[in-house]
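Please have a look at the model first.

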Amino acid sequence: MFYSIARKFLFKLDAEQAHDVAINMFKSPAANALKGLYGAKVADKPVSVMGIEFPNPVGLAAGLDKNGECIRGFSALGFGFVEVGTVTPRPQPGNDKPRIFRIPQADAIINRMGFNNHGVDYLVDQVRKAKQAGFDGVLGINIGKNKDTEEENAKDDYIHCMRKVYEHADYITVNISSPNTPGLRALQYGDALNELLAALKVEQAQLAETHGKYIPLAVKIAPDLDEQEVQGIADCLLSNDIDAVIATNTTLSREGVEQLAHGDEMGGLSGVPVQEKSLQVIKLLADRLDGKMPIIGVGGINSAAAAKAKLAAGASLVQVYTGFIYEGPDLIKRIVDEL
């Protein structure tokens, strides 16, 4: 009831304005009171993945809380884990506005944000504050490269961010699949991927020794991959001993929204239209990985049935974003209740 009223108000605003209003609400000191409305209703359904104990397998995907300002507020809704970012070494404004477009007829969103964020130092400060204020949930931190960093130097940006966030994260996600940063998706293939992952694993080992704890690395991939490409990525992840794979990011396809308002906007398409594409990538990964690496499923999860399909296909955890925008916090409870 509460969210249906709030959504009517928010959907009258420009999509990015609505996002900013929501962020301001969830980062307020009163946000933790939301646990009384929603969090207490979400049952414990613990699961162990990457050596981490998750209260339940439903997480918030990266992108909604880019700067880590709402960790406590979102966690209070009952999420089993929250992933913040994508964060880059230096602050950057992202792409020109408007850059978020709702397509409600398809329960979809197109965004071309472009890794807009306040920089990794700001995010780390926000994480510290959340933990000082009592946050003790599972936190993923999603890292990327700055827009003006050349592809051949991308690993330096990822390593910089990794060093900054390592001691504050329960796991770290390497985002190489956003369609809104030039050259980023090229890092998913062949020598470029192998070089990046090898460098990150060396850094991970050094940081684990320095901090006395091992923080898992996950890699987030795109849905716009054919079978051979997915198999190649899976093999590379295994050979570099990566801890998990997140499937998938947004799609460049416009299947399902071609004739709808805003359907031709540039950017990544999320929501129901990516549901099946994401599912197919998960199935291909599960077949190739053969249980040797956990999969986190994301893409078009707007119901318990959609979440269960991802888990049945081979995912160990799921994340929501666009479905959460359209369905509200009750989506978390519905999914967890049916697991």
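What radius of gyration does the chain have, and why does it agree with a compact globule? A compact globule with 339 residues would have a radius of gyration near 20 Å, and the chain has 18 Å, which agrees. The radius is taken over C-alpha atoms, and the globule rule is 2.2 Å times the number of residues to the power 0.38.

Bear in mind that this is a predicted model, where local features need pLDDT of at least 70, side-chain atom pairs count only at pLDDT 80 or more, and totals for chains, interfaces and linings use all residues. Residues are numbered from 1 along each chain as its sequence is written, and side-chain values use heavy atoms, with hydrogens and water left out.

Along the principal axes, the C-alpha atoms fill a box of roughly 50 × 50 × 40 Å. The chain holds 12 helices and 13 strands, which are DSSP runs (helices H or I, at least four residues; strands E, at least two). Among contacts (heavy atoms within 4.5 Å) with a separation of 6 or more, 73% join residues 24 or more positions apart.

Of the 339 residues, 57% count as buried, meaning under 20% relative accessible area with a 1.4 Å probe, protein chains only.

| Residue | Relative accessibility |
|---|---|
| Cys161 | 0% |
| Cys236 | 9% |

The whole structure has 0 disulfides, that is, pairs of cysteine sulfur atoms within 2.5 Å. For Cys161, the nearest cysteine sulfur, that of Cys70, is 20 Å away.

Technical notes: Buried < 20%, exposed > 50% of the residue type's maximum accessible area, 1.4 Å probe, protein only.
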